[in-house]
Amino acid sequence: MTCDVIRPLFRCNRLRELQVCYGGDFRVDSESVQSMGEAWSDLEILNLCAGAKSSHWDGAPLTLLQEFAAEFGHKLRRLALNFAYTQELPTADTVSTSFSQLEILGVGKTKIDSVDHFGVLAEFLVSVCSKEAEIAYISKDFWRADAFQTTGWENAPEAKNWVAVKQNMESDDARYTPDLLDVIFGFLDMESLKNAACVCRVWHDIAIDQIWQVLRGLLPLIHQFWPPWINAKNGIMDPDPTEYPELWSRFRAYSRRVRKLDGGIGTVSQAVQNFLKTLETAYSAEKDFEPPLPSLREIIWEPNSVSDTLALRFFVSPFLRRLSIRPTTSIRPMDSDLLSQLFSHLSNQNLHLAAFNLDTKWTDEEDEKLGDALASFIRSQPALEEVLFPKFYVQHSLISALTGVHRLRKFHGVLHFDTSQEVDSFIAGLAEACPTLRNLVLYVTNDRTENHSIRFDSISPLLSCKSLVEFQILHGRPLQLGAHQIHAIGQAWPSIATLSLCPNVIRSYESGLPLLDLVNFGPRSFPMLERLAVFLDLSLLPDTGGGMALSQLKTLCVGTASINPGMDAQRLAQYIATICSPSMRLCNAADNHYRKFVFDERGGPHDLVGRWLDVWREMERHRSALYGA
């Protein structure tokens with residue numbers, strides 16, 4: 001009997017169960033499995049003459065189980081068929097499809113001749129079938145019509161080989177704790193993971209997943225699995241999986257494991273260049289292009305040259321959630337026109353990014369030229385929760401796009417404004433559109449806005465964002481705050497942990513926060529505050545005392561506040577040491593040591609310059625006297 005006999009039933013597209021019980025055999029191949037899958041998408045039970053009393057056919061190849069899994073894997077609960085174990089089975093690492101619902105696999109009268117095959121067969125069956133699947137065997141001495149009976153056949157003499165296979169499957173299954181192993185293997189180094197992969201099939205799969213989860217450049221994958229004849233055909237290989245299917249299958253099996261591409265193309269070699277040529281050919285020719293790393297969740301793209309920019313198109317997958325683009329050198333490696341083309345292309349893809357980072361810097365004119373394409377890209381990603389532009393000058397079109405991202409929780413950016421009113425308008429729009437903001441870092445820059453201070457009224461709309469844990473606003477002019485305004489900030493942001501309020505003032509003679517008001521940032525108003533950066537006014541030094549008012553603080557940055565030659569540095573040090581915890585770290589910035597983001601720990605263990613280093617040393621001596629060594 002062949003598939004032609006049951007072909008009229010293909011019109012019954014709601015069929016859920018089909019059992020063909022016949023004394024002869026039922027011959028099935030890949031084409032007939034595909035036809036059945038297209039006709040019966042809801043099929044749950046399938047028996048194709050598994051209980052045949054006599055047969056002139058060896059049976060379907062066991063590898064055909066993968067075809068059944070591909071067509072029926074999401075629904076099929078029971079499958080019964082006579083199989084033939086006559087060819088080499090694929091290894092577990094190359095099995096790309098499996099049943100998710102299969103409860104019983106009926107193998108009919110399938111014979112296993114060699115005891116050497118028990119482990120290999122058990123490994124293959126566990127890889128393709130769900131871990132709960134049971135085996136149903138039909139003995140010639142204990143024949144029955146029910147092809148799905150899982151007990152009562154073990155005592156038949158010719159069933160002993162299948163009993164051994166079943167025991168091997170159960171042995172593997174007893175060690176099948178993927179969630180726990182996945183967590184444990186996440187702490188192992190590469191050498192330990194390689195050793196773990198040699199223990200058993202289950203460990204092998206999970207360890208290999210960990211090994212290939214992060215790919216640093218394309219070269220490791222290409223050297224391991226890309227066919228050795230890559231240099232054939234003038235360096236371009238026909239990406240047709242029907243040609244050399246085993247090599248393609250192995251490459252696909254491992255490329256699907258990669259979840260993060262760190263570094264982009266990475267080391268450029270002839271093999272990498274040929275690989276990219278192959279992708280370019282396939283991308284240009286195929287409407288439904290399949291990415292070489294189809295399961296990517298995160299890309300950190302670090303182009304080495306101009307030509308690398310557009311190559312990012314080949315690696316964008318529907319599962320991509322995080323995208324970061326940053327050059328590898330200080331020399332401009334990316335052309336803004338090419339990057340505009342890239343963003344225009346990405347805008348038309350069905351992406352659902354959660355995080356986007358553009359970490360590059362050009363001239364203001366080039367930033368503006370890229371702005372429109374980047375704004376369109378941002379608008380095409382309504383699910384964005386994190387947007388980082390640490391060096392890029394955000395222009396008007398992009399600012400407008402950002403206020404439309406309603407799920408935004410984290411934003412870092414260099415904002416380019418012409419007037420203070422534009423600053424106020426952007427902050428108000430952002431606060432209204434994104435009430436769930438948690439991290440906000442704004443570096444406001446423009447020669448004209450430097451003539452106007454950022455006022456408390458400018459940031460007051462953000463007080464409605466009750467979930468803020470980080471707020472940094474940096475500007476060339478100080479932010480003037482009084483005690484009641486500091487208290488209002490503390491009341492609005494009870495979870496704030498990092499707070500930077502215009503500490504890097506260009507003209508250090510300007511008036512900042514009086515040193516006495518520093519105690520208003522204490523745990524009563526700011527219980528979670530760990531890092532604080534403000535521009536201090538040191539013209540009036542209060543008397544030492546008042547207790548440890550900033551006991552919760554771990555880092556205090558005084559920005560560009562300078563200590564005049566006639567100031568009593570010892571008295572200043574004693575005051576700060578008294579109100580802060582013994583473990584608090586002090587840092588600052590000066591004209592010759594200017595830092596945009598004030599909590600970067602660079603330039604020394606405490607990042608101090610000028611007379612502030614003397615203050616720190618005096619603080620250490622004072623702490624030793626107060627709290628001991």
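**Reading the model**

Modeller: Begin with confidence. This is a predicted model. The chain averages a pLDDT of 78, and 78% of the residues score at least 70.

Biologist: Which elements have the lowest and the highest mean pLDDT?

Modeller: Helix α5, residues 160–174, has the lowest mean, 69. Helix α17, residues 483–492, has the highest, 93.

Biologist: Over which residues does pLDDT stay under 50?

Modeller: Residues 229–237 are one such stretch; in the model they have 22 contacts beyond four places in sequence. Residues 602–606 are also below 50, with eight contacts beyond near neighbours in sequence.

Biologist: Where does V20 lie, and which residues does V20 touch?

Modeller: V20 lies in strand β1. Leaving aside neighbours within four places in sequence, V20 is in contact with M1, I6, N47, L48 and C49. Consider N47 again. V20 and N47 are 27 residues apart in sequence, yet their C-alpha atoms are 5.9 Å apart in space.

Biologist: Next, charges. How many salt bridges does the structure hold?

Modeller: The general idea comes first. Side chains of opposite charge can pair when their charged atoms come close. The structure holds 14 salt bridges.

Biologist: Which residue forms a salt bridge with E44?

Modeller: R77, with the closest N and O atoms 3.3 Å apart. E44 lies in the loop between α2 (30–39) and β2, and R77 in the loop between α3 (64–72) and β4, so the pair ties together parts that are 33 residues apart in sequence. R77 is partly exposed, at 26% relative accessible area.

Biologist: Which residue does R326 meet in a salt bridge?

Modeller: E302, at 2.8 Å from N to O. R326 sits in the loop between β11 (322–325) and α12 (336–347). E302 sits in the loop between β10 (298–301) and β11, so this pair ties together parts 24 residues apart in sequence. R326 is partly exposed, with a relative accessible area of 27%.

Biologist: And R407: which partner does R407 have in a salt bridge?

Modeller: E385; the closest N and O atoms are 3.3 Å apart. R407 is in the loop between α14 (396–402) and β14 (410–416), while E385 is in the loop between α13 (364–379) and β13 (386–394). The two are 22 residues apart, and the pair links distant parts of the chain. R407 counts as partly exposed at 45% relative accessibility, and E385 counts as partly exposed at 27%.

Biologist: Which residues do salt bridges with shared partners join into one network?

Modeller: R16, E44, R77 and E103.

How values were computed
Residues are numbered from 1 along each chain as its sequence is written. This is a predicted model: local features need pLDDT of at least 70, side-chain atom pairs count only at pLDDT 80 or more; totals for chains, interfaces and linings use all residues. Side-chain values use heavy atoms; hydrogens and water are left out. pLDDT is the predictor's confidence in each residue, from 0 to 100. Helices (H or I, at least four residues) and strands (E, at least two) are DSSP runs, numbered from the N terminus. Contact means heavy atoms within 4.5 Å. A salt bridge is a side-chain nitrogen of Lys or Arg within 4 Å of a carboxyl oxygen of Asp or Glu. Buried means under 20% relative accessible area, exposed over 50%, partly exposed in between (1.4 Å probe, protein chains only).
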